[in-house]
Structure formats: structure tokens, C-alpha cells
Amino acid sequence: MEILFLGVGEACDPEHGNTSIQVVTSGGVHVLCDCGFSVPHRYFASCTDPEELDFVWISHFHGDHFFGMPLLLLRLWEMGRTKPLTICGQRGVGDKITRTLDLAFPGFGAKLAYPVVYEDIEPDTPRRIGGLSFQAVQTVHSERNLGLMLDDGTGRLYYSGDGRPSQGVAELIRQCDIAVHEAFMLNDEFPSHGSITGCLELVRDCRLCKLALVHLERKFRREQADVIEGIIQANPHLVLPVQGTRLIA
Ligand SMILES: [Zn+2]
Ligand SMILES: [Zn+2]
């Protein structure tokens, strides 16, 4: 599968955008993982086909991960989409997106010319939808967040959303070819966020092919760029993507 980074930053990062990836599976299925404030403009800067997107995965209900949904849905409608769009996330994702859309564009939900299908995916109920396997795991975050293992039959991706890895995260990542993981700071200063050292442990334990560090705190990323670069250089499994980076799993 191919991964395109639409954004790699945290909520307030004006330079790197909100963290979001666009996945194209080996079978050509398009999955957007998270859709924060800055994501729709970035997505539509290169997307010209309103029918291209098959799935959206929402990791949790912080604005930098889902407040782009109203604009995404509006713009797909404006471009003439007719194909159903499946939105996956933890229990209640349908209600949350529906209410957010109604706040942003009152009454607009009824006008959509394409069906929006909501699928609840919880850690205890792995799902197989549209030829893809979705398996979730809860991370340690201030808002309930689910990391996702996406399996297209030939490759496995782990996408963390936000939060420090739980024991279940390490178990899922061990099965994956590539992981995209939040690393807010160098060390575990924040109890509800991941870190670069925490990701290094995941790499060491799991012998991953690649782990992409995202959602770095913006001041830390800027002021300790040399330290971060030194860690990347010393660890061939780690990648520090920017907007527009593509990785192949
Ligand atoms: Zn976030
Ligand atoms: Zn969050």
C-alpha cells in the first residue's frame, strides 16, 4: 500500500498541517485517516475525482482529527459525488459527524447526493469491510482514541491517531509492515501523548520496517530539529515525513 502524508503536525501547527494520511491499498482502495481543520484544502489540492475516496477513518473526536469532515463532505457534494462514502470510527462516530456537519452547514446533510455509511469499529470487534480488515486498539489519550491496523491482504499499516501506546498497541504494531505514530515530544513528558523515545521502543521491540513520526509539538520540532535529525539518522527504521511525503509499505 502507498501512504501520502497530507499533514504531519499537531492541532496548532501552522507549518505542517494537522496529521492525516491518504492510503491507497494494493487493490486501489482509497482511505483517508483523520480529517482535521487543515486537511480538506490539502486533500482537494490534488484530488480531482470526487468518487476516488472510499473510506474515512476517524481516530478520535479532537478537532484536529475530525473538524475537517463538514468541508470534506460539502466539497465532495459540490464536485458531484454519487458513490457512497464509508466513515469508520469508534462507537458514536455517525452521531458525532452528523452533528458537526449540521453545526457547520445547517440542514446540509439532507442535501447530500451520495449516501454516507457509518461503521462502528471497536477494539473487541475487528471488521472486514470492502476487502479491508480493520482492527482497533485503544491508546492512552485525554479523549478516547483508537489506533487502527489496516490490512489489505498484502500489507499492514498501523495508524495511531493520538496517545501514548498501550500494551495492545505494541501487539498490533508487531504484526505491521509500517506504522504512523504520534510523537508529541522527545520523552514521555505528557501522560496522554506519545514520544520519540516511546516510538524507539516500539521499533526495537517490533522490528518494524518503518515507523513514521508525526504530530510533533511544533516548538519542540523547531527548536530541537538537530536532536531529532540525529535520532532519525541513527535509526534507519524511523522516518520524519513532511506534507507530501510518500511511503510504500
Ligand atoms: Zn491531535
Ligand atoms: Zn487528540
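## The largest pocket

In this predicted model, the residues lining the largest pocket split into five charged, three polar and three nonpolar. For that sorting, Ala, Val, Leu, Ile, Met, Phe, Trp, Tyr, Cys and Pro are nonpolar, Asp, Glu, Lys and Arg are charged, and the others, Gly among them, are polar. A pocket here is an open set of points on a 1 Å grid over the protein atoms alone, with protein on both sides within 12 Å along at least five of seven lines, and a lining residue has an atom within 4 Å of a point.

The volume of the largest pocket is about 170 Å³, where volume is the space filled by probe spheres set on the points, with points joined across faces, edges and corners. Its lining is made of Arg164, Pro165, Ser166, Gln167, Ala170, Arg174, Asp188, Gly198, Glu201, Leu202 and Asp205. Two elements, α5 (167–173) and α6 (196–206), each give two or more residues to that lining. The largest share, four residues, comes from α6. Helices (H or I, at least four residues) and strands (E, at least two) are DSSP runs, numbered from the N terminus.

## How the model was read

Residues are numbered from 1 along each chain as its sequence is written, while chains are lettered from A and ligands numbered from 1 in the order in which they are written. Because the model is predicted, local features need pLDDT of at least 70 and side-chain atom pairs count only at pLDDT 80 or more, whereas totals for chains, interfaces and linings use all residues; side-chain values use heavy atoms, with hydrogens and water left out.

## The zinc ion (ligand 2)

Four residues hold the zinc ion (ligand 2): His60 through NE2, His62 through ND1, His141 through NE2 and Asp162 through OD, at 2.2 to 2.3 Å. Donors are N, O and S atoms within 2.8 Å of the metal (3.2 Å for Na, K and Ca), and sites may look incomplete because water is not among the atoms. Along the sequence, the donor residues follow the spacing H-x1-H-x78-H-x20-D. His141, in the loop between β8 (132–138) and β9 (146–151), and Asp162, in the loop between β10 (156–159) and α5, form a pair 21 residues apart that links distant parts of the chain. Both His141 and Asp162 are buried, meaning under 20% relative accessible area, with exposed being over 50% and partly exposed in between (1.4 Å probe, protein chains only).

Why is the arrangement around the zinc ion (ligand 2) irregular? The four donor atoms subtend angles of 93 to 162 degrees, which makes it so. Four donors count as tetrahedral if all angles lie between 85 and 135 degrees; four count as square planar and six as octahedral if opposite donors are over 155 degrees apart and all others between 65 and 115; anything else is irregular.

## The zinc ion (ligand 1)

The zinc ion (ligand 1) has Asp64 (OD), His65 (NE2), Asp162 (OD) and His215 (NE2) as its protein donors, 2.1 to 2.3 Å away. This site is irregular too, with angles of 87 to 161 degrees among its four donor atoms. The donor spacing in sequence is D-H-x96-D-x52-H. Here the linked pair is His65 in helix α2 (residues 63–66) and His215 in the loop between β12 (210–214) and α7 (218–223), 150 residues apart.

His215 counts as buried, at 3% relative accessibility.

Asp34 also has a positive phi, near 70 degrees. Asp34 sits in the loop between β3 (30–33) and α1 (39–46) and is buried, with 0% relative accessibility.

Thr100 lies in helix α4 (residues 93–104) and is buried at 11% relative accessibility. Beyond its neighbours within four places in sequence, Thr100 contacts Phe66, Phe67 and Pro70, a contact being heavy atoms within 4.5 Å. Asp102 is found in helix α4 as well, but Asp102 is partly exposed, with a relative accessible area of 42%.

His16 belongs to the loop between β1 (2–7) and β2 (20–24) and is buried at 13% relative accessibility. Leaving out residues up to four places away in sequence, His16 touches Gly7, Val8, Gly9, Arg221 and Gln243.

How values were computed: On a 1 Å grid over the protein atoms alone, a cavity is a set of points where a 1.4 Å probe fits but cannot get out, and a pocket is an open set with protein on both sides within 12 Å along at least five of seven lines; lining residues have an atom within 4 Å of a point.
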